[in-house]
Amino acid sequence: MSLTAPLARTRRPRRPGQPRRAWRRAISPLALLAVWQLASSTGVLPREKLDSPLNVLDSLVGLWTDGRLLDAIQVSVTRVLVGFALGAVVGVGLAVVAGLSRIGEDVVDAPMQMLRTLPHFGLLPLFILWFGIDEAPKYALIALGVAFPLYVNTFAGIRGVDPKYLDAARAFGLGWTERLRHVVLPGALPSTLVGLRLSLGVAWLTLIVAEQINTTAGIGYLVSDAAGFGRTGEVVAGLLIYSVLGLLTDALVRILERKALAWRLG
Amino acid sequence: MATRLNAPHALRPPTVPPTVQVRGLRRAFGDTVVLDDLDLDVAPGELVALLGRSGSGKSTLLRLLAGLDAPDAGTAEVDGVTSVAFQEPRLLPWRRVAQNVALGLRTGSRRERDERARQLLGEVGLTEKADVWPVTLSGGQAQRASLARALVSEPGLLLLDEPFSALDALTRIEMHDLLLRVWARHRASVLLVTHDVDEALLLADRVIVLDQGSVAHSLRLDLPRPRALHDPRLVAHRATLLDQLGVRTAHAAASPTTDTAQEAVS
Ligand SMILES: Nc1ncnc2c1ncn2[C@@H]1O[C@H](COP(=O)(O)OP(=O)(O)O)[C@@H](O)[C@H]1O
Ligand SMILES: [Mg+2]
């Protein structure tokens with residue numbers, strides 16, 4: 001997970017005669033895969049430590065056909081969605097309260113800045129005490145991780161809205177809620193979307209940690225179960241699924257950014 | 001043409017109550033007294049240009065009239081709807097041009113407001129730009145859109161805070177023309193802040209000079225429009241105004257301060 005989310009990547013125009021960059025960049029990962037496969041096939045890398053790439057693929061197909069993978073994905077995605085939704089409501093809601101009024105800032109921002117420094121993973125034991133061992137502590141942990149990046153970025157976004165726009169809106173007789181709808185929230189959106197991307201990264205990471213403990217379903221369960229039986233191919237397959245899901249949500253946010261921020265480029 | 005563009009107020013009986021009635025207005029920021037015991041009337045349909053050096057309190061007066069600020073003493077009464085166009089057009093970048101104009105309207109259904117906004121965009125020659133993002137407009141086009149937004153509510157008083165000062169000279173000439181046209185059509189009172197003496201001379205029924213927090217000078221220009229800057233009467237008035245503004249250049253000194261100009265000082 002990166003801490004800075006680039007808003008837009010600039011693509012350099014390809015110069016004629018230059019070898020195609022994409023292929024050149026693919027060479028070293030492919031070579032690594034080949035070395036890995038070779039090490040496995042020759043027995044240098046024992047199967048109980050790490051299975052070969054081909055066997056990982058095989059595990060993936062197996063997990064898919066017997067339906068375990070889909071079940072696990074459903075469970076894990078639900079956890080992220082619920083946790084994310086809770087965290088987003090809290091993070092954005094508090095940011096709006098703190099961003100719109102000095103009183104709100106004084107009441108909300110100070111504790112948020114203090115809590116922000118707590119490593120939220122460290123709260124897992126407490127959350128298990130408070131919420132039991134079912135889904136609730138996982139939701140809570142993900143929500144906590146999600147709330148802060150969204151809070152910080154939305155708050156900054158609201159405060160960054162040019163007061164001239166608010167003045168203009170007032171001059172045209174827009175009331176409080178209309179100013180919120182037409183000026184404050186759209187003005188804060190670019191910053192909120194940065195927070196969204198960061199928070200989704202945190203959400204997946206938190207899921208992985210939360211799923212290590214006391215789980216009987218989900219991708220984390222699949223992985224730890226497989227590890228318990230030395231099926232390293234399934235372990236790697238599960239990790240792959242985590243990263244694919246992470247990439248997918250990132251791509252979704254990118255699409256959302258392109259649509260929602262079209263006004264920046266015209 | 002020239003007669004149609006003349007001030008409607010000239011035809012009205014003097015008993016018509018003024019659109020703007022400012023009495024004893026005072027506004028101070030800390031120890032700096034910006035407006036001090038200021039009196040000002042603007043008649044219905046009158047186009048008043050407000051001249052003053054930078055920092056003389058022109059924007060402060062406009063903000064008070066727009067209801068964006070409250071006076072420390074005195075009253076500022078405005079009859080009817082007030083709307084504003086600022087030096088920077090202040091179109092919301094995340095709303096399309098027509099939506100920006102429609103924001104100037106506080107009544108009617110969404111459809112009605114949209115239709116009305118497009119109608120106004122037509123009046124300022126921006127029909128094709130109704131559905132684009134503001135970022136794609138040129139400076140002059142953005143200022144036209146801003147003018148459309150200010151006019152869409154059929155205001156009784158149109159406050160213009162140096163609306164043309166950021167435009168290039170050619171665009172400014174076009175905008176002067178446009179302002180006179182829409183003013184003749186909508187018959188609003190206009191208070192035009194400018195620090196361009198020529199702009200004031202070309203456009204206004206009356207030019208007032210703000211100095212030391214109150215109206216230092218008032219000059220009525222009963223001249224038909226369109227006006228030419230080399231018109232000897234305007235040349236004389238220019239000398240008076242530059243003198244009032246404390247500008248003593250060879251140019252101002254060379255211009256004859258005739259009896260006509262002295263008479264106009266009230
Ligand atoms: N909100 C404010 N707080 C403090 N000082 C202000 C504020 N608004 C304006 N002023 C001061 O009032 C004076 C007049 O400002 P302004 O009305 O903007 O002048 P003008 O528009 O004629 O150039 C300036 O000295 C400016 O610094
Ligand atoms: Mg000003």
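**View 1. Arg79(A), a buried arginine in a salt bridge.** In this predicted model, Arg79(A) is buried, at a relative accessible area of 2%. Its salt-bridge partner is Glu211(A), with the closest N and O atoms 2.8 Å apart. Arg79(A) sits in helix α3 (residues 68-100) of chain A, and Glu211(A) in the loop between α8 (176-210) and α9 (219-228), so the pair ties together parts 132 residues apart in sequence. Glu211(A) is also buried, because its relative accessibility is 0% and the cut-off is under 20%.

View 2. Arg102(A) pairs with Glu105(A) in a salt bridge, the closest N and O atoms lying 3.3 Å apart. Both residues belong to helix α4 (residues 102-116). They are 3 residues apart, about one turn of the helix. Arg102(A) is exposed, at 59% relative accessible area. Glu105(A) is buried, at 18%.

**View 3. A salt bridge between chains A and B.** Asp167(A) forms a salt bridge with Arg63(B), and the closest N and O atoms are 2.2 Å apart. The pair crosses from helix α7 (residues 163-171) of chain A to helix α1 of chain B. Asp167(A) counts as buried at 14% relative accessibility. Arg63(B) counts as partly exposed at 29%.

**View 4. A salt-bridge network in chain A.** Five residues are linked by salt bridges here: Asp66(A), Arg68(A), Asp225(A), Arg231(A) and Glu234(A). Over all chains, the count comes to 33 salt bridges.

**View 5. The surroundings of ligand 1.** The residues around ligand 1 are Phe29(B), Val34(B), Arg53(B), Ser54(B), Gly55(B), Ser56(B), Gly57(B), Lys58(B), Ser59(B) and Thr60(B). By class, this shell has 2 nonpolar, 6 polar and 2 charged residues. Helix α1 (residues 58-65) of chain B gives the most to the shell, with 3 residues.

**View 6. Polar contacts to oxygen atoms of ligand 1.** A side-chain N or O atom of Thr60(B) is 2.6 Å from a ligand 1 oxygen. For Ser59(B), a polar side-chain atom lies 2.7 Å from an oxygen atom of the ligand. Gly57(B) uses its backbone: one of its N or O atoms there is 3.0 Å from a ligand oxygen. Taken alone, ligand 1 exposes 570 Å², and the protein buries 54% of that.

**View 7. A nonpolar surface patch on chain A.** Leu126(A), Leu129(A), Trp130(A) and Phe131(A) make a nonpolar surface patch of about 460 Å². Leu129(A) lies in helix α5 (residues 124-131). Leu129(A) is exposed, with a relative accessible area of 70%.

Key:
Residues are numbered from 1 along each chain as its sequence is written. Chains are lettered from A and ligands numbered from 1 in the order in which they are written. This is a predicted model: local features need pLDDT of at least 70, side-chain atom pairs count only at pLDDT 80 or more; totals for chains, interfaces and linings use all residues. Side-chain values use heavy atoms; hydrogens and water are left out. Patches are made of residues with over 30% relative accessible area and no salt bridge: like charges are joined within 9 Å, nonpolar side chains (Val, Leu, Ile, Met, Phe, Trp, Tyr) within 5 Å. Accessible areas come from the Shrake-Rupley method with a 1.4 Å probe; for residues, only the protein chains shown count as cover. A salt bridge is a side-chain nitrogen of Lys or Arg within 4 Å of a carboxyl oxygen of Asp or Glu. Helices (H or I, at least four residues) and strands (E, at least two) are DSSP runs, numbered from the N terminus. Buried means under 20% relative accessible area, exposed over 50%, partly exposed in between (1.4 Å probe, protein chains only). A residue is near a molecule or strand if one of its heavy atoms lies within 4 Å of it. A polar contact is a pair of N or O atoms within 3.5 Å; within protein, one must be able to donate a hydrogen and the other to accept it, and residues adjacent in sequence count only if both atoms are side-chain atoms. Ala, Val, Leu, Ile, Met, Phe, Trp, Tyr, Cys and Pro count as nonpolar, Asp, Glu, Lys and Arg as charged, and the others, Gly among them, as polar.
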